[in-house]
Amino acid sequence: MEVDLIFKIATIGIIVAILNQLLVRSERPEQAMMTTLAGLIVVLMMMVTEISNMFETIKTVFGL
Amino acid sequence: MRIKNVKRFRGLACLAVWLALVLFFPIGVKAGEPEDTSEQPLPENQQELFSQLTKASGADRLPESLPEEARGLMEEAGLGGFSLGSFLKSPRQTIQMAIELLKRQAKLPFQALGGILGALLLCALMDCAAETFAGGQLRPVFGAAVTLFLAASAILPAAECIKSCVETVEDCSRFMVIFVPVYASVVTACGLPAAGSVYHLFLFSAAQVISSLVSGWLVPAAGIYMTLNIAGALSPQLKIQPLLEALKKMVCWTLSFLLAGFVALLTMQNTLSSNLDAVTLKTSKMLVSSLIPVVGGALSEALSAAGGCLRVVKSAVGIYGIAAAACIFLPVFFRTAVWYAALSIGAAAGEMLSVKEAAPLLKAGASLMGILMAVLCLYMLLILVSTTILLMTGMGG
Amino acid sequence: MNGDIAIGAVVGIGLIAAMMSVLLRQYRPEFALLTALAATILIFTGMSQWLIPAAQRVRELLEQEPELAGSAAILLKAVGVCFITQLACDLCRDAGENAIAARVETAGKAAILLISLPLFEQVLELVMVLLR
């Protein structure tokens, strides 16, 4: 089981949060928003394969 | 003068004997050679006599009137033909045959039990998922799907068992139509005319009553019972349980009354007829021995000896009848019993896994099987008991 | 079966993901949701090692009655629908979207009913045979 995925997501989340705070404090709200969005997209792309795997498994196990 | 009187007296005596024979032995008795009779298998020339008597009473037509499955079973038990030696079978072989039959019938119900257990397991799994706060909404819907599956699993055997129960009762009635007159005539020829006619009347009316009961009343009631059960399982708000329990109690009470009534009737009539027959036998013996001066004693002995040979035929036909009835009923009885066991186990498993929709439905199926078994038992017992009583009477005298 | 080893890993993942999620919720709530989703996916993928043979056995059990073989597939499908609906519902509720969760749930119920329609028809047929 790839436990690293959770750590990766958590790390990205923490980084994004810190960057967000920094940028907001330095009065650049748009860039803060961009960072958040970028972080979200990166995480989603990491998880997409996993999600498709899961749906494949569900299809085989339950015959949907 | 004395000689003429003796001659006329002889003529009168012969007439009296002939009258006695006609009056008290309505079916012609082949009073052949007065041989020593015993209840053990007879040697060769008596085997021929046996087969002659069998043909005369029509007992050799009995095997053809059996249904297919019963005939196969009888042949396995070695009772296919109608000969003397075949009635000596060891009990162990019979029990082994019965166990084989049971195993054959048990295959399908336990497969179905596997299916039921699988569905219950799935339901229990979903129950675990329903522990969360939001899970309670999906569980009833899934429960409905599982109930449908269990309903299908429970109705299939119900429909099939009801059908085979009705078929068996009809087959047995057909067999009775041929067997009862044959046996009654053999019994009457053995010197028990009242018993024979009572047996004839009793079993015919019993077969009639049970046939009409089963086809006209039991089948629709069973169908309605199962359907209402399924409706109740699918929508618990209907609260149909009390109605169904009342229906079941009614059926059980009716069956018990029927059985009690038949037993009472049988006992009364057998007591009366056995007294009547004892009187008849003694009277005829006394008449024969006292009306015929010289050979009267020997003639009455010859008559009782001839009756002894007929008694062998009577035992053979009686045992054949009992064995045939058992062979007709046993397969269906075993099948219903195994379905009862399977459905009860399923209901118990449902309760253990706390799948609350499963238990009432499966229990209802099991009790329906129980009622079918009771009806089959009733019929089988009637035939067995009345035939056995006739087998036992007249063993002396 | 590695069931006993795997359950330890599952518990570990669950706890860690919960902690991360709580941590991130104060700063970036959307990441909390993603963490929870990731944890769910991972746990399920790990479980599928021993879920597939178990489902196979249950399917074999269900298909033993020869005439109801089609119904076994229906039941398993219903379980599957239940499962993923439950998943989505719980995640939505955790994110605070009760309305979305309720709609997903309703859709799941409708799907299960639709899937078990053939089963219902089969039972009706049998009842007709019984009542004739």
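Let's start with chain C: a compact globule of 132 residues would have a radius of gyration near 14 Å, but chain C comes out at 20 Å (the radius is taken over C-alpha atoms, and the globule rule is 2.2 Å times the number of residues to the power 0.38). Along its principal axes, the C-alpha trace of chain C spans about 70 × 40 × 15 Å.

Before going further, a word on what you're looking at. This is a predicted model, where local features need pLDDT of at least 70, side-chain atom pairs count only at pLDDT 80 or more, and totals for chains, interfaces and linings use all residues. Residues are numbered from 1 along each chain as its sequence is written, while chains are lettered from A and ligands numbered from 1 in the order in which they are written.

Back to chain C, which has five helices and zero strands (helices are DSSP runs of H or I with at least four residues, strands are runs of E with at least two, and both are numbered from the N terminus). Chain C is divided into domain 1 (1-62) and domain 2 (65-132), with bounds that come from an automatic or database domain assignment. The C-alpha centres of these two domains of chain C lie 23 Å apart. Seven residues of domain 1 of chain C are in contact with seven residues of domain 2 of chain C, where contact means that the C-beta atoms, placed from the backbone, lie within 7 Å. On the domain 1 side of that meeting in chain C there are five nonpolar residues, one polar and one charged (Ala, Val, Leu, Ile, Met, Phe, Trp, Tyr, Cys and Pro count as nonpolar, Asp, Glu, Lys and Arg as charged, and the others, Gly among them, as polar). Of the 132 residues of chain C, 36% count as buried; buried means that 20 or more other C-beta atoms lie within 10 Å of a residue's own, exposed means 12 or fewer, and partly exposed is in between, with C-beta atoms placed from the backbone.

Chain C also has neighbours. Take chain B: 33 residues of chain C are in contact with 33 residues of chain B. Helices α2 (29-62), α3 (69-94), α4 (98-115) and α5 (117-131) of chain C each give two or more residues to this side, and α3(C) has the largest share, with ten residues. By class, the side of chain C that touches chain B holds 20 nonpolar, seven polar and six charged residues.

Now turn to chain A, where 30 residues of chain C are in contact with 25 residues of chain A. Here α1 (3-27), α2 and α3 of chain C each supply at least two residues. The largest share of the side of chain C that touches chain A comes from α2(C), with 16 residues. That side divides into 22 nonpolar, five polar and three charged residues.

Next up is chain B itself, built from nine helices and zero strands. Of its 397 residues, 37% count as buried. Among the contacts in chain B with a separation of 6 or more, 79% are between residues 24 or more positions apart. For an example, look at Asn270(B), in helix α7 (residues 241-291) of chain B. Asn270(B) counts as buried because it has 20 C-beta neighbours inside 10 Å.

What ties the chains together in the interior? The largest nonpolar core has 126 residues, and those with the most contacts inside it include Ala119(B), Ala145(B), Leu150(B) and Leu75(C). Such a core is a set of buried Ala, Val, Leu, Ile, Met, Phe, Trp, Tyr and Cys residues joined through C-beta atoms within 7 Å. Helix α5 (residues 138-189) of chain B gives the largest share of this core, 30 residues. Domain 1 (1-62) and domain 2 (65-132) of chain C both give residues to this core, so it lies between them. Apart from it lies another core, of 22 residues, among them Ile9(A), Ala17(C), Leu37(C) and Ile41(C). As for Ala145(B), leaving aside its neighbours within four places in sequence, its contacts are Leu75(C), Ala78(C), Ile112(C), Ser116(C) and Leu119(C).

The average pLDDT of chain B is 76, and 80% of the residues score at least 70 (pLDDT is the predictor's confidence in each residue, from 0 to 100). Over residues 25-40 of chain B, pLDDT stays under 50, and the model has 27 contacts beyond four places in sequence for them.

Key: Contact = placed C-beta atoms within 7 Å.
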